[in-house]
Each structure stands twice: as structure tokens, then as C-alpha cells.
Amino acid sequence: MYWIALLVPFIIVVAGLILTLTKRRSSVAVTVGADLRGAADLGRRRSTRRLRLALLLIPTLGGVIAAAIIASYRDDTGTDWLLGRTSFLIITPILVTIVTVLVMAFVPRFAETVSRRTAELAVRLPSTYTQHPALATLIIAGVLLAASTLVFGVLALPNGDSLFYFYGHHYAGGGGMFPGFTYGVPVLVSLGLLVAAVWLSLWRIARGPRPTDNGLREADAAVRTVTAAAVIAMASFAVALTLAIVVLMASIAFWDVADGGQFDLHGNVVPVNSTAQMLSVLSRCGVGFGIGVIVVANYFLVHAISSAAGAAYRVSTQELVDA
Amino acid sequence: MIVVDSSDPTPPFEQIRRQLIDEIRGGTVTAGSKLPSVRQLAGDLSVAPGTVARAYGALEEEGLVETSKTGTRVQSNQILPDELRNAAGKFVRAVPAASLEDALRAVRAEWNYRS
């Protein structure tokens, strides 16, 4: 299962490379009165700092968890783990993302000193600052992850140990670590927690107090839109990466089974039947699909980083012109 | 749009209540539509949530809104007739420089003269 842990530095390196090659999009231009220039600049700096801090948590937490698990594989001290270490590895992207999106939720307030405060009577919902196609993509990815986890859980057979499920196939030889319910239940629970964290984060982003000045309101809307986009992209990254891990684990196990099915227990070649052929084709398709989903996950990560790392808006000052 | 003016001696609760009544009776907030949550409105206006909750409670007592688990909604039967709103709109546009108090005083005087 080392390959799962190795995905973390791989993804960070790939995301970093893509990010350096990606041209930054121009940010939103916001015009404010000269007296509010300071508040707009300060709000931008605060939001950028907050989002960068949240981004720093990704490699920090991910690296610490992955390193701890790899170290425990190398030097097993017999410590009891709440979950299997492989389970921890599988849900690491989701756990890291839960913390990240919760930190992103705290949108900074703009400093205003006005005696007249205004508020619109429009209800702000978690979807107010969210791009609907991005949200739909996240929902589809979540449904795919839940569905594949359930399907693999049903397909898995117990290996005799009531806690661990491996794919113990009836063919001679073959088989491998398969994402049955032992791995599937933590994935489903963490997926549920991620959904709750994303909803809470979007709710917090939408409901936070808005400034009174129109220019600052534009700036505030830009900050909220960028933050919501980063939250959705981060969640999509975590779900897609977990989906890729689950599909790759299953496909590799299937591949072993299909290859093992060509030999009996004594190593003699046996005729390949249609089930083994189907497994062979499915496993290769699964590996291709898993690699493709890792690429998509990288896209989401780059999108999250590029949304959060840059300034949410540019400030220009509205000069008073004498009539 | 609700405005709370801290330099106004009128308590914030009363400012919010009056403006909400105007928005509802004037039809700016459509019947059945949902008002923002107490926390959202209080946050935007920088007042205590209790102030907004008290204003919403007063509106509920007057039958202008109803509060349920899903939030606070505008009642459907409290909007002023179109004829009255159009006439008021024409009046307000005709006297752009007048303050609200002066405009109300003028309407009251005219009303008394008619009756």
C-alpha cells in the first residue's frame, strides 16, 4: 500500500508544476471611495492570508499523516490504531480537506466606521456564491465514490478475519487487497463528514456580515466567490483522489485475480474462462480510469490553489471630481 | 434595504421595525418571500441578534410575517393596494427635496382638510 502514500508527494509536485506553468487569471476590479481604500486593501490582504494559511495545511497535514503511516509500516511497534493504517491512508485526502475547508470558512470582515449601516433583505444561501456547475461536479464525484465503495463492499469476501476483507477469489492464486467494507465504511463516514464540513463552510461564507459601502460590497462578494470556489475545488480534489485510490485498489486486485486465474495451485496453466477474461479487461479499464481520475483530481487541486493563492480583487480608487 | 442610523435617537429595534413594515406594505418584499435570518440581518446591521428578533416578533404580532421552522415569511394579505402605492410614488417623485417628516405632515394636513 506504499503507492497510496507516495501519491501525496506526487500530487503536490505535479500540482506545483502545473501551477507554475498556469497563467494567473486577472482578478476582479473593484472601485471604492478614497476613504475606503485602506479598508479594501486590508480586507484583500486578510482574505489572501487566510486562504494561503488554509492551503499550507494541505501539504503539512497530508505529509505528517502519510509520513507517520509509512514510518509505522517500517517499524511496527504494535501500537493499536483506531482504524487500519491503510484505511487512514485512503481517507487522508478527505481528512486534510475537512480541516482546510473549515479554516477557509472564516471570511474576514471589512473594517468600516460608518454611522449608517445598511442591509439587503435578500436571503443568502450556501449556494449564493457557488458556481453551480462546480457544485454539480462535486456532487457527481461524491455519488460515484459512495456507489463504488458500496459496490466493492458487496463484491468483497471475508478472508476469515472478521475485521479485514480481502478479495479471496475462488480461482487458484491471485487476489490482493480489495476495498471491501473494512475500507469502505471509513470512506463513507469521512465522505459524510466532508459533506457536512463543505455545507457548513459554504453556509458560513454566505451568512457572514456584509459591509455597507457599495464598493466594499463588491470586494466582499469577490472574496466570498473566490473562497467558495476554493472550498468546492478542494472538496472535489479530495473526493476524486479517494475515488481514484479505491478504484485503483480494486482494479489491481482484479488484475491479480485475472492473472492468477490462468494457473492452478501447482502452477500449471489452466484454460482461461470468460469470467477471468472479463476481470482482466475490467481491471485494465479500472486502472486507466483511476489514473484519469488522479489527473482530474490534480486539476481540482490546481484550481483550488490558483483560486486561493491570488488576490481576490484589484482595488482602484474613485476620485471626487469637482463640478 | 434596511438602514440603521446610529446617530438617530430612535432605537435600532424601532428603526428596523418601521422600515420592515414599509418594505412589506409597499410591496418591495413580495408576499410569501422569506426574510433573512435574524443572525444574517443582525450581522449586516451590526446590531445584537436580539434587536432583530424583537423587530421580527413585533411584526409577527401585527400579522405582517409568520415564523416557522423554515424561517420568517411575509404574510400574503398585508400589501397596500396598487392604486395607493402608485399615488404615493407620484407624490414622492413630485417633491424630491422634501423630507419624509414634512411629506407625511403635508399628507396629514391634506387628509384632515378633506375630511
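Student: Among contacts in chain B between residues at least 6 apart in sequence, what share joins residues at least 24 apart?
Tutor: The share is 55%. Two residues are in contact if their C-beta atoms, placed from the backbone, lie within 7 Å.

Student: What kind of model is this, and how are things numbered?
Tutor: This is a predicted model: local features need pLDDT of at least 70, side-chain atom pairs count only at pLDDT 80 or more, and totals for chains, interfaces and linings use all residues. Residues are numbered from 1 along each chain as its sequence is written, while chains are lettered from A and ligands numbered from 1 in the order in which they are written.

Student: What pLDDT does chain B average?
Tutor: Chain B averages 88, and 97% of its residues score at least 70. pLDDT is the predictor's confidence in each residue, from 0 to 100. For the model, ipTM is 0.72 and pTM is 0.78.

Student: OK, what secondary structure does chain B have?
Tutor: Chain B has five helices and three strands. Their order along the sequence is β-α-α-α-β-β-α-α. Helices (H or I, at least four residues) and strands (E, at least two) are DSSP runs, numbered from the N terminus.

Student: And how is chain B divided into domains?
Tutor: Domain 1 of chain B covers 12-74, and domain 2 covers 82-114. These bounds come from an automatic or database domain assignment. The C-alpha centres of the two domains lie 25 Å apart.

Student: Which strand is joined to E2(B) by a hairpin?
Tutor: That is E3(B), and the hairpin goes through two residues. E2(B) is residues 65-68 and E3(B) is residues 71-74; they run antiparallel, with four bridges. Two strands pair if DSSP finds at least two bridges between them. Glu66(B) has Arg73(B) as its bridge partner.

Student: What about E1(B), which side chains point to which face?
Tutor: Ile2(B) and Val4(B) point to one face and are buried. A residue is buried if 20 or more other C-beta atoms lie within 10 Å of its own, exposed if 12 or fewer, and partly exposed in between, with C-beta atoms placed from the backbone. In a regular strand the side chains alternate between the two faces of the sheet.

Student: Which strand of chain A is joined to E1(B)?
Tutor: Strand E2 of chain A, residues 116-119, is joined to E1(B) by four bridges, and the two run antiparallel. Arg116(A) stands opposite Asp5(B) there.

Student: How many residues does the contact take from each chain?
Tutor: Chain B gives 19 residues and chain A gives 13. On the chain B side, strand E1 (2-5) and helix H2 (38-45) each supply at least two residues. H2(B) gives the most, with six. That side of chain B divides into nine nonpolar, five polar and five charged residues. Ala, Val, Leu, Ile, Met, Phe, Trp, Tyr, Cys and Pro count as nonpolar, Asp, Glu, Lys and Arg as charged, and the others, Gly among them, as polar.

Student: New topic: what is the count of buried residues in H5(B)?
Tutor: Zero of its 15 residues, so H5(B) is hardly covered. Across chain B, 23% of the 115 residues count as buried.

Student: What span should H5(B) have?
Tutor: At 1.5 Å a residue, H5(B), residues 100-114, should span 21 Å, and its end C-alpha atoms are 21 Å apart, which agrees. The expected span is 1.5 Å times one less than the number of residues.

Student: Last one: why does Ile305(A) count as buried?
Tutor: Because Ile305(A) has 23 C-beta neighbours inside 10 Å. Ile305(A) sits in helix H7 of chain A, residues 274-309.
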